[in-house]
Amino acid sequence: MKIIVTKDQKELAVEAWQVMRSVLLQKEDAVLGLATGSTPIGLYDEMVADHLKNGTSYRRVRAVNLDEYVGLSPQNDQSYRYFMKKHLFDRIDIDPESTFIEDGLATDAEAECRRYDAVLSRLPRDIQLLGIGANGHIAFNEPGTPFDLTTHVVDLTQNTIQMNARFFEKESDVPRRAFTMGPKSIMDAKKILLLAVGQNKAQAVAAAVQGPVTPDLPASILQRHPDCILIADEAAASLLKKDL
Ligand code: PGA
């Protein structure tokens with residue numbers, strides 16, 4: 001795994017943009033695997049700033065997202081579809097028809113998972129962007145998730161519900177279930193860009209990069225990916241051992 005440590009979140013966003021930019025320069029119809037959460041917002045701002053300044057076009061780009069809450073409509077301001085429109089899709093020239101995410105309102109969850117697997121097979125990702133949870137989760141793959149899962153429905157852990165409660169009026173409003181790409185789906189991307197910001201991620205980052213590869217720490221599977229880049233700010237990188 002290639003590791004880049006930045007002094008702060010702003011520098012992290014700029015570095016992440018350099019990686020994303022190189023993918024877009026190679027292929028104007030690239031397939032981007034995108035992520036929600038607070039970590040990628042700086043990167044999306046860089047993408048928008050570049051689009052406005054340099055005219056980089058996303059007209060032929062396709063985007064597939066990692067996960068979506070079960071039960072939330074695209075109009076719900078806490079849905080991940082809404083997040084992506086607000087932070088990126090509505091600010092660049094991507095065709096909305098070329099943006100894919102699980103359907104939070106799907107009535108047949110199993111059928112929705114298989115539909116999304118088919119989308120992912122049809123659109124092999126040139127890059128997959130990832131954040132990491134303080135417990136080492138990637139997307140909504142919580143500790144203990146088998147590595148061979150593709151798109152599936154998860155019951156969120158209490159820890160994740162509490163972490164996400166800050167975005168909702170009250171904790172009881174946080175959906176209890178979510179659709180998520182599985183570890184196998186994530187690993188199918190040609191390149192993976194893992195971003196981590198803040199001291200509360202330091203332990204998970206160290207375990208993911210230098211600990212044993214185990215489903216107990218879902219992000220550790222990334223050690224097996226042939227082209228994975230971690231960009232972490234100094235705080236998130238603070239527990240990485242330098243002499244390995
Ligand atoms: P965050 O979430 O970017 O909001 O820290 C990352 C994650 O939990 O995967």
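Reader: Is phenylalanine 140 buried or exposed?
Author: Phenylalanine 140 is buried, with 3% relative accessibility; buried means under 20% relative accessible area, exposed over 50%, and partly exposed in between (1.4 Å probe, protein chains only). This is a predicted model, where local features need pLDDT of at least 70, side-chain atom pairs count only at pLDDT 80 or more, and totals for chains, interfaces and linings use all residues. Residues are numbered from 1 along each chain as its sequence is written, and side-chain values use heavy atoms, leaving out hydrogens and water.

Reader: OK, how do the rings of tyrosine 80 and phenylalanine 140 sit?
Author: They're stacked, because the centres are 6.1 Å apart and the planes at 10 degrees. Rings of Phe, Tyr and Trp (its six-membered ring) pair if their centres lie within 6.5 Å; planes under 30 degrees apart are stacked, over 60 edge-to-face, the rest tilted.

Reader: And where is tyrosine 80?
Author: Tyrosine 80 is in helix α3 (residues 80-87), while phenylalanine 140 is in the loop between β6 and β7, 60 residues apart. Helices (H or I, at least four residues) and strands (E, at least two) are DSSP runs, numbered from the N terminus. Tyrosine 80 is buried too, at 12% relative accessibility.

Reader: Switching topic: how many aromatic pairs are there in the structure?
Author: There are 4. One of them, tyrosine 69 with phenylalanine 140, is tilted, at 5.7 Å centre to centre and 45 degrees between the planes.

Reader: Which residues form the aromatic cluster?
Author: Tyr69, Tyr80, Phe140 and Phe168.
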